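Keep the selection tool at hand.

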Amino acid sequence: MNPKLFDTAEIQDFLKESCGYNQEEGNPRVKEIVHRILSDLFKTIEDLNITPDEYWAGIAYLNQLGQSQEAALLSPGLGIDRYLDLRMNAIDEALGVEGRTERMIEGPLYVAGAPVEKGYARLDDGSDKNGHLLLMHGVVYGADGNPLPNAQVEVWHANTKGFYSHFDPTGEQQPFNMRRTIITDDQGRYKFRSILPAGYGCPPDGPTQQLLNQLGRHGNRPAHLHFFISADGHRKLTTQINIDGDPYVNDDFAFAVHDDLVPPVTEVTDEARMKEENMEAPFAEIEFDFHLTALVDGKDNQAVERPRLVG
């Protein structure tokens with residue numbers, strides 16, 4: 001039996017009361033959001049005939065999610081982070097903003113305060129002996145199409161085990177390993193040496209993977225590198241570069257792959273080139289240019305404020 005109560009005046013008045021609409025105190029925006037979420041939940045309970053057992057199983061899951069600190073992992077896994085990107089893309093289209101590098105989700109593993117280098121940086125500390133050398137370089141272009149000197153390129157990525165410094169459960173990585181901020185040179189160029197990262201999967205026993213299992217989905221990401229790109233007078237770009245050839249590059253559980261963000265990876269074995277780049281062994285090379293866009297009415301309408309770890 002499934003009684004229909006949602007549309008009654010009693011339940012609608014109850015929703016308004018529970019969200020504080022009959023109180024002058026409080027935050028009107030929070031009331032509006034909570035009212036919508038609670039209304040949708042009540043309607044879902046009614047439409048799907050959700051039982052008390054199912055509801056309380058959901059509450060227990062949310063408690064587990066919080067205790068595991070995986071909410072920021074589940075969010076991209078359910079496509080919410082990418083949906084926010086798509087909404088910002090639609091806003092750009094409506095504003096006529098064109099020519100930018102594709103934005104892509106930030107993910108939960110950024111750490112503020114990485115060491116700053118000018119033009120070139122080495123990201124890894126040499127401790128990951130399984131790493132294949134990587135050289136990545138390119139130019140940051142401004143809204144006028146010209147190279148941008150003194151642009152800020154923040155980059156971070158995982159090691160060959162798929163772990164990030166500051167979040168590595170093995171404790172093997174030093175702070176800010178494979179994390180740097182590079183200031184472009186007078187020709188707008190950046191370059192860094194590192195190792196090719198590995199993809200990773202959600203913790204197999206964690207709540208994110210538990211839910212994905214119920215959905216019949218895997219929790220794996222392809223190998224990738226994260227970037228924040230910023231410069232005076234321009235909007236901050238959040239994006240990722242995915243490693244071509246990774247088995248999950250077309251099947252990312254976080255929906256964070258775009259064809260324009262999968263540049264070719266070239267293997268360099270020429271000894272003269274290795275010497276030129278101060279590489280002691282053959283290396284992978286990625287060349288990628290970033291294109292920024294101007295502020296909108298003097299404001300950065302794509303910068304996102306969210307809790308982030310400070311190293």
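The stops below go from the whole chain to single residues.

This is a predicted model, in which local features need pLDDT of at least 70 and side-chain atom pairs count only at pLDDT 80 or more, while totals for chains, interfaces and linings use all residues. Residues are numbered from 1 along each chain as its sequence is written, and side-chain values use heavy atoms, with hydrogens and water left out.

**Whole chain**

Start with everything selected. The C-alpha atoms fill a box of roughly 80 × 45 × 30 Å along the principal axes. In the cartoon, look for seven helices and 15 strands; these are DSSP runs numbered from the N terminus, with helices being H or I of at least four residues and strands E of at least two.

Of the 311 residues, 43% count as buried. Buried means under 20% relative accessible area, exposed over 50%, and partly exposed in between, using a 1.4 Å probe and protein chains only.

**The largest nonpolar core**

Next, select M136, V140, Y190, F192, F227, I229 and F290 and show their side chains. In the largest nonpolar core, which has 35 residues, these touch the most other members. A nonpolar core is a set of buried Ala, Val, Leu, Ile, Met, Phe, Trp, Tyr and Cys residues joined through side-chain atoms within 4.5 Å. Among the elements that give two or more residues to this core are strand 4 (133-141), strand 7 (189-195) and strand 10 (224-230). In soluble globular proteins, nonpolar side chains tend to be buried together.

Now centre the view on F227. Which residues is F227 in contact with, leaving aside its neighbours within four places in sequence? They include M136, V153, W156, F192, L237, I241 and F290. Contact means heavy atoms within 4.5 Å.

Then select L109, Y164, Y200 and F228. They belong to a second, separate core of eight residues.

Select C19 and C202. C19 counts as buried because its relative accessibility is 8%, and C202 is buried too, with a relative accessible area of 7%. A search of the whole structure finds zero disulfides, a disulfide being a pair of cysteine sulfur atoms within 2.5 Å.

**A loop residue**

Finish at V304, in the loop between strand 14 (290-291) and strand 15 (309-310). Is V304 buried or partly exposed? V304 is partly exposed, because its relative accessible area is 41%.
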